[in-house]
Amino acid sequence: MTPPAALLPAPAHAASYLEGDMSIRAWLTTRDHKRIAIMFAIAITAFFFIGGAAATLIRIELATPAGDLVSAETYNKLFTMHGVVMVWFFLIPSIPATLGNFLVPLMIGAKDLAFPRLNLTSFYLYVGGALFTLAALFAGGVDTGWTFYTPFSTMFSNTNVIAAIAGVFIVGFSSILTGLNFIVTVHKLRAPGMTFFRLPLFVWAIYATSVILVLATPVLGMTLALLGIERIWHIGIFDPSLGGDPLLFQHLFWFYSHPAVYIMVLPAMGIASEIIPCFARSPVFGYRTMAYAIIAIAVIGFLVWGHHMFVSGQSVYAGLVFSILSYLVAIPSAIKVFNWTATLYKGSISFDAPMIYALGFVGLFMLGGMSGLFLAALALDVQLTDTYFVVAHFHYIMVGGSVTAYLAGIHFWWPKITGRMYPARWAQFAAVLIFLGFNFTFFPQYLLGIEGMPRRYHEYAPQFTTLNVLSSAGAVILAMGYLLPLVYLGWSLVRGARAPQNPWRATGLEWTVPSPPPTENFATQPHVDEEPYAYPPVAASRQEAAT
Amino acid sequence: MTTAIASAEARPRAETPAAAADKPGLAATPPLRRREMAFGMWVFLTTETLFFGVLFFAYAAMRFAHPAAFAAASRHTDVAMGTLNTAVLLTSSVTMALAVEAAEIGRARIAARLMTATLALGIVFLAIKGYAYHREYTEHLFPGAAFHFAGPLAGGAETFFWIYFVTTGFHALHLAIGVGVVGFMAWRLARGGLAAQSAASIVNAGLYWHFVDIVWIFLYPALYLVSRS
């Protein structure tokens, strides 16, 4: 397909961010948001495969009912490593720190983020903290689970809890600085004409995510600090034998960790909102409701943490309120799913790899969200708490949702970021493989949960064997699906065809600059004078219908 | 610098020349950059508020769980030193506010002196706090094996003192960082004037200093005054 002449690269060549000084030193001291994004991408990819290795061992262990591969203690350490690495060192920074970092300035017509040096600081805090925790996880391990529940974590666990939470604490500052940077950038550095309601929904999503990062992360930081103090001096406020209250820890922990789910999934929604209109050749349906829904999810998301504690002994009236609020958050989430579907309606749909990933995201997010409604129901939750139903639910949201959307975004903007095209067929194949492998892995876990299989055990009763074998077999497919992009995207860096400026004929300022973008981003200050997602021909026909 | 691309004429909210003339000390930093910096600091202070919010929440929850013990324990805090420290810290906020004003109108030397006074008052606060800690330690009020509190309320009292040491400790840590930042800026200001140390950064340091002050304004009644009478 040949893009119209207007979309071809400008003849004048400004040095791209991948040219010029390519020494290691230049990269490690760069303040260019694009290079920092690449460094983040490399780091989180490494952590993804470390967390994935732990998951692989878990699934191998669970292929048979007997605990024959690892001991119960080792199993505890494995799922802790899997959870800690995946949540804090992959999912939280994944989309904001990589695609967000790369794209937000380009999308709003800015030269860089507001605080480039702070951006680099954020990267080093992330790497330093994550490696610190990783060292603790490898040198002896931690057996508390990623939730670090007291009093087990403060009084009884004999593992490296302090070192692990110290690293998470440091990575928290990376989150805060990244969020702060995005908030100031979106407020102060938009190009002339780029009003808030002309912002791409991806920017809206990153903005809302940043607000959560800035408001929730300090709560986790201080809570982990208090946990550490209590563990070191054996005095504190979480252990009941000291006059403390373990529920206090749970409240504070989930005050961060529930909004953290939206840190993971809001940017994913932003990516879907960019890709689906592009490959349906249709403006996003209900742009303003989409923006308001993002804000609503971010706000309500702060008020639902207590649904993690329905069986903890918190007041049943508190439980009722948290249950109702949890149902409320389903409304803006559903609005988004309906609007993506309506965007497809009468669109001219093509199934390029980013679109398959994005549609996979919508489907998996919907399945995960629907099962969330089950868990928000007080009575049903008593039955399902700490079973594989919960495991399946949050993996559908975080892995089926966020990771799939992250891959969608990587495939969508890969030509822009690297200046190379990847083999389309392989990418489509991987997208389908991941979708199938994911469902194969995690759908059986819903059924296991309903049948009552508890989570976090390394052995199980024989009646759960069939579904566990299915799940482990699915994990093999899923693992292949995740390894494939590494191969063909790596290949494309060397052998891939040169990418044009706008291979998908997408709207948005990032597609008006060459691929890969020049170091300065824009040769001249862009001025924005049209609405977002002005995709022909549907845009034109809808406009006609409106007049 | 990121400001080159968004020129002043493209920004309708750029300051009028008259407003800029009032504060010549700020001229070294473009208006957009100043707004970015101030906004960034406000966002950071929002984060800090939530950071301390956990401590106040823990205080409220524990006070609710052990009301009598908290009332008894708070009578063992040194209210005279707490009050003196409140006065010291409020005074330091005055000198800091004046330093910011002086820097904004371009009076670098006065600003440097006022900032030196600010950091001196900060150090006085920390010294008094350290002395109070020492007294409490010798009175066996530091939680742990050596903790001693007569009467049946010892458990709750230990929780009170745990919260007391953690909250005032985190506050003192923030103040120590403030002393370092203000000291560094005063040093640069004294050496090179407003060319070496931008007034816009001093404005931000002032915001931070006042924030640390406000945290104390909440800590002081919560730890020293509530149910003391």
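Predicted model: local features only at pLDDT ≥ 70, side-chain atom pairs only at ≥ 80, totals over all residues.
Residues are numbered from 1 along each chain as its sequence is written, chains are lettered from A and ligands numbered from 1 in the order written, and side-chain values use heavy atoms, with hydrogens and water left out.

On to the fold. Chain B holds seven helices and zero strands (DSSP runs numbered from the N terminus: H or I of at least four residues for helices, E of at least two for strands). Its C-alpha atoms fill a box of roughly 70 × 35 × 30 Å along the principal axes. Of its 229 residues, 50% are buried, meaning under 20% relative accessible area with a 1.4 Å probe, protein chains only. Among contacts (heavy atoms within 4.5 Å) with a separation of 6 or more, 80% in chain B link residues 24 or more positions apart.

Now hop over to chain A. Asn119(A) sits in helix α4, residues 116-138, and counts as buried because its relative accessibility is 2%. Beyond its neighbours within four places in sequence, Asn119(A) touches His33(A), Ile36(A), Asn101(A), Leu113(A) and Asn181(A). With Asn101(A), there's a side-chain polar contact of 2.8 Å (N or O atoms within 3.5 Å; within protein, one must be able to donate a hydrogen and the other to accept it, and residues adjacent in sequence count only if both atoms are side-chain atoms).
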